[in-house]
Amino acid sequence: MAIKVILLVVFFATMIGIGIYSRNKAKNVNDYVLGGRTVGPWISAFAFGTSYFSSVVFIGYAGQFGWKFGLASTWIGLGNAFIGSLLAWLILGRRTRLMTQQLDAKTMPEYFGKRFNSKSLRVVGSIIAFVFLVPYTAGVYNGLSRLFGMAFSIDYRICVIIMALLTGAYVVIGGYMATALNDFVQGIIMLIGICAVIGAVLNGQGGFMNAIQELSKIPTDPAVTTPALSDSQGLFASFFGPDPISLLGVVILTSLGTWGLPQMVHKFYAIKDEKAVKTGTVVSTFFAIVIAGGCYFLGGFGRLFAGYEGIIVAAEDGTTKVAFDNIVPTMLSTLPDILIGIVVVLVFSASMSTLSSLVLTSSSTLTLDLIKPLMKKDMKEKTQLRLMQLFVMCFIVLSVVIAFNPPTFIAQLMGVSWGALAGAFLAPFMYGLYSKKITKLSVWASYIVGVGFTLANIFATQAGKPIIASPINAGAATMIAGLIIVPIVSLITPKPDQEKVEEIFSCYDKTVTVKETQNLGESN
């Protein structure tokens, strides 16, 4: 216990120290929200990666999908690395930085408002972002608190309150730069921790080869196996697992979804220069391979712990069910105290980085995209800054209230949040960076489909007749629908003012001078 407490105290002190150090770098709105657009490559990459992966992935997703798909769940982590990180940086990174600077946009709703010349798009976008970031935040609290309960045997609510107060303190004090610097430290902890944990867990199962052998002996589970593979053996140690189609849905949601999440895309706004884009692309991809690939790989061995207390629990109707959120904490409970201490700091790091990113995104969106546009007079810079800091605390309090009584499994909370946000924002944001023909009405169509379908599926599920049973697959469907609907609606609706569009896209046509090492021109 002493080891665990010491590690946490050092961790907490470091986070607050960074917040205080960053205080002088957050004196105006641009600095507070974007770090003055001067964030370097390594910090940008780690900020992206640590915001991507939280306790939702480590505790919720790794446990649930590792149980359902076995070792094939590792594909989810690889999808996160190559689609959610590598392609996101290649396709969105540079263009997002250029266009948001051209538009002087600090948030995603502000981008929509200025890119498509619509104040109402900006206001409604801010409401969507705020409403659907809350359940995601509750999921982050939930996952961390389950781990704390295992490591310290303390009340769930105390864990939530400690995490909320600590996050609120350094975000309020230091803004984006404090968040980004903390993300860098937390990312290093996550890289070291996940490697140590995987090695220790597999060693406890007799080594890697023995663990795979034992996993291959587990019989087919009709509850998670597609009918076409119902007579197969060794599915949980196989290449594509017992249900490849559902696995693909999870890969799409958790990988492609980052392209449309405000707190993720926001990282591209703050990039310093071209070097930051190139280095950030490589570093964030490597980070995702290790962290996401490691988490899901570890979760793939979850069924080896099925006999442990707390995994299979009795339901109210007398049947039994799997407590997915208890799987990874149970796996970790078998580790030595020093490793449990490292794991607690690891997951705390992952959760803090995501939570700080969420609260900063929500507070800046509410202030800059909802309150400020509705004001008749221009809001002073200092007033905007203080209002954002106030909303940071309000958002944290609201998410804590929800976290005290979370409505469902962690993975489902994240599925609902990602499905609505990415379903509404992904397609118009990406197309808006590349095409001059995307119309304002197509953005409205994407808003309606993303949020409307998500809400309709929630209400239908409550009534016992879900449109798509899995919130994960439902979220993936909304994203794909948006990618189809936006170009179609743009073809049949009035075209935007071409003069304004050309002015916006002129940021891509500016001439710059580069070294010969970056441009193989004709020899003289």
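Mentor: Let's start with I484, which has 48% relative accessibility and counts as partly exposed. Keep in mind that this is a predicted model.

Trainee: Why is I484 called partly exposed?

Mentor: Buried means under 20% and exposed means over 50%. I484 has 48%, so it counts as partly exposed.

Trainee: Where does I484 lie?

Mentor: In helix α18, which covers residues 471-492.

Trainee: What makes I480, I484, I488, L491 and I492 a nonpolar patch?

Mentor: Patch members need over 30% relative accessible area and no salt bridge, and nonpolar side chains are joined within 5 Å. I484, at 48%, is over that 30% cut-off. Together, the five residues I480, I484, I488, L491 and I492 have about 530 Å² of accessible area on the surface.

Trainee: Now L366. Why is L366 called buried?

Mentor: The cut-off for buried is under 20%. L366 has 9% relative accessibility, so it counts as buried.

Trainee: Which residues does L366 touch?

Mentor: Leaving out residues up to four places away in sequence, L366 touches F130, I371 and F391. L366 itself is found in helix α14, residues 337-374.

Trainee: How much of the protein counts as buried?

Mentor: 57% of its 524 residues. The protein has 19 helices and 2 strands. Of the contacts between residues at least 6 apart in sequence, 85% join residues at least 24 apart.

How values were computed:
Residues are numbered from 1 along each chain as its sequence is written. This is a predicted model: local features need pLDDT of at least 70, side-chain atom pairs count only at pLDDT 80 or more; totals for chains, interfaces and linings use all residues. Side-chain values use heavy atoms; hydrogens and water are left out. Helices (H or I, at least four residues) and strands (E, at least two) are DSSP runs, numbered from the N terminus. Buried means under 20% relative accessible area, exposed over 50%, partly exposed in between (1.4 Å probe, protein chains only). Contact means heavy atoms within 4.5 Å. Patches are made of residues with over 30% relative accessible area and no salt bridge: like charges are joined within 9 Å, nonpolar side chains (Val, Leu, Ile, Met, Phe, Trp, Tyr) within 5 Å. Accessible areas come from the Shrake-Rupley method with a 1.4 Å probe; for residues, only the protein chains shown count as cover. A salt bridge is a side-chain nitrogen of Lys or Arg within 4 Å of a carboxyl oxygen of Asp or Glu.
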